[in-house]
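The sequence and the model are shown first.

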Amino acid sequence: MDLYFVYSSGGGAGDWNGINRVFSNSMPENFKKNLLIKFGDIFFNHRSNGSILRPRAWRDVDNARKWLIQKTGDDFLMNSPNLIMDVGTTKIVSFITHNHPDFTDIQIINEFDRIIEEESILEKYAEIINNSSISNAVTFDIPNLFKVRTQQGNVNRNLFSTNAAKQRMIDLAAKYANHTYRLTGEDPDKLLTIISAEWSNQDIDRYLELLDYVPTKLGIGALTNFPNAQFEDMLRRLDEHLVFDRYSKVHFLGSGGIEKSNMIIGTLGNQRNFSVDVTTPFNRGIDGNTSGTSQSGYYDYQNKRLHRITPENIEHIMSLHQNFNNERKYFTNEEMREILNSILQHQNRNSSLETYNNRAKLIIHNFDVYQFNIE
């Protein structure tokens with residue numbers, strides 16, 4: 001099973017362009033080959049903006065590979081073979097709920113559909129797929145903001161719990177998939193057709209019947225909504241119903257941590273057509289703040305455990321890194337010492353471009369630990 005590096009730049013998870021600055025020299029070739037980018041990160045604004053679209057990007061960007069090379073300075077990405085284009089439509093739902101906090105579930109869904117139609121978003125998506133030679137494009141759906149934290153601290157955002165909402169979302173997911181299929185040359189091999197893990201077998205059958213094509217690749221979404229106790233049962237049910245062996249690629253979108261990635265392998269086997277992406281390595285790498293009240297985290301290869309980077313813990317972390325005498329280790333002991341010392345500086349009100357760059361390298365290390373543990 002392949003692990004995809006989830007690309008982000010700018011603020012937030014992009015750590016103020018640290019990933020862009022270290023990408024060319026520090027990113028493992030494996031992750032340059034297996035990279036996931038989000039359409040929404042290129043073209044959609046944060047929810048507090050007046051418009052969902054970024055006008056300059058919408059006008060000027062027509063090729064995701066060229067956009068990536070401009071950001072990272074790495075020409076390797078022009079021919080990176082397995083690039084996944086995810087949709088990033090969580091930003092649209094968040095934009096709607098921010099501006100219309102009293103909307104019902106059906107009103108949110110209908111507003112989402114209005115935005116897709118009036119802004120010609122699927123037409124732009126297809127243009128990017130075609131111009132960027134992307135053969136793994138996730139089809140559009142309407143994501144449930146389940147457990148997405150708001151600025152008010154609310155994490156209970158299970159917006160679409162009614163059956164009426166679910167059925168309307170299935171109808172629209174099929175509509176969007178069919179439109180994308182036609183706009184991209186009627187080639188199903190270009191598309192990771194979305195399947196929500198929350199859908200029942202009957203829902204899945206109805207959705208597949210609504211499609212104008214037979215999918216050859218799947219993107220399995222809504223995985224984070226399942227607690228571990230139900231995760232394996234869900235995987236078995238989907239595999240039995242869809243028969244994953246029939247598809248050339250099955251990508252598990254945002255599966256969660258190392259444990260859930262390993263549960264996929266433990267339940268279904270380490271299949272060659274499986275791949276997964278996770279954001280946990282990113283999030284733990286940038287947890288630390290400049291005032292030292294929160295700390296970034298280092299994952300160790302051997303035990304898969306997270307260790308917070310503090311002055312008291314740094315020698316223990318270094319001993320873990322040094323004692324893992326395996327050629328698979330990506331950063332040398334000397335490089336890791338520099339990364340950890342830089343992060344301590346960052347967490348002690350001494351942030352700089354260098355500390356942001358080293359936080360980005362910590363993210364890469366954390367991703368490499370994840371890949372090591374699912375190989």
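Is E338 buried, partly exposed or exposed? E338 is partly exposed, because its relative accessible area is 43% (buried means under 20% relative accessible area, exposed over 50%, and partly exposed in between, with a 1.4 Å probe and protein chains only).

The model is predicted: local features need pLDDT of at least 70, side-chain atom pairs count only at pLDDT 80 or more, and totals for chains, interfaces and linings use all residues. Residues are numbered from 1 along each chain as its sequence is written, and side-chain values use heavy atoms, with hydrogens and water left out.

**The negative patch**

E338 is located in helix α15 (helices are DSSP runs of H or I with at least four residues, numbered from the N terminus). Together with E334, E335 and E354, E338 forms a negative surface patch. Such a patch consists of residues with over 30% relative accessible area and no salt bridge, like charges being joined within 9 Å. Helix α15, which spans residues 333–346, supplies the largest share of the patch, 3 residues.

**Salt bridges**

Side chains of opposite charge can pair when their charged atoms come close. The structure holds 19 salt bridges (a side-chain nitrogen of Lys or Arg within 4 Å of a carboxyl oxygen of Asp or Glu).

R114 and E111 both belong to helix α7 (residues 105–118), where they stand 3 residues apart, about one turn of the helix. R114 is partly exposed at 36% relative accessible area, whereas E111 is buried at 15%.

D113 is buried, with a relative accessible area of 11%, and R168 is partly exposed, with 28%. Both residues also belong to a network of salt bridges that includes E117 and K175.

D368 counts as buried at 4% relative accessibility, while R328 is partly exposed at 23%.

**Aromatic pairs**

The count of aromatic pairs comes to 25. Rings of Phe, Tyr and Trp (its six-membered ring) pair if their centres lie within 6.5 Å; planes under 30 degrees apart count as stacked, over 60 as edge-to-face and the rest as tilted.

Why is the pair of F31 and F367 edge-to-face? The ring centres of F31 and F367 are 5.9 Å apart and the planes stand at 75°, so the pair is edge-to-face. This pair links distant parts of the chain, F31 in helix α2 (residues 29–33) and F367 in helix α16 (residues 353–374), 336 residues apart. F31 is buried, with a relative accessible area of 0%, and F367 counts as buried at 0% relative accessibility.

F39 and F44 provide a further example: their ring centres are 5.6 Å apart and their planes are at 85°, so this pair is edge-to-face. Both F39 and F44 are buried. Ring pairs join F39 and F44 with F43, W58, Y125 and F140 in a cluster.

Note on methods
Patch = residues over 30% accessible without salt bridge, like charges linked within 9 Å, V, L, I, M, F, W, Y side chains within 5 Å. Areas by Shrake-Rupley, 256 points an atom, 1.4 Å probe, with all protein chains shown as cover. Lys, Arg positive; Asp, Glu negative; His and termini not counted. Charge placed at Lys NZ, Arg CZ, Asp CG, Glu CD. Helix = DSSP H or I, 4+ residues; strand = E, 2+ residues; numbered from the N terminus.
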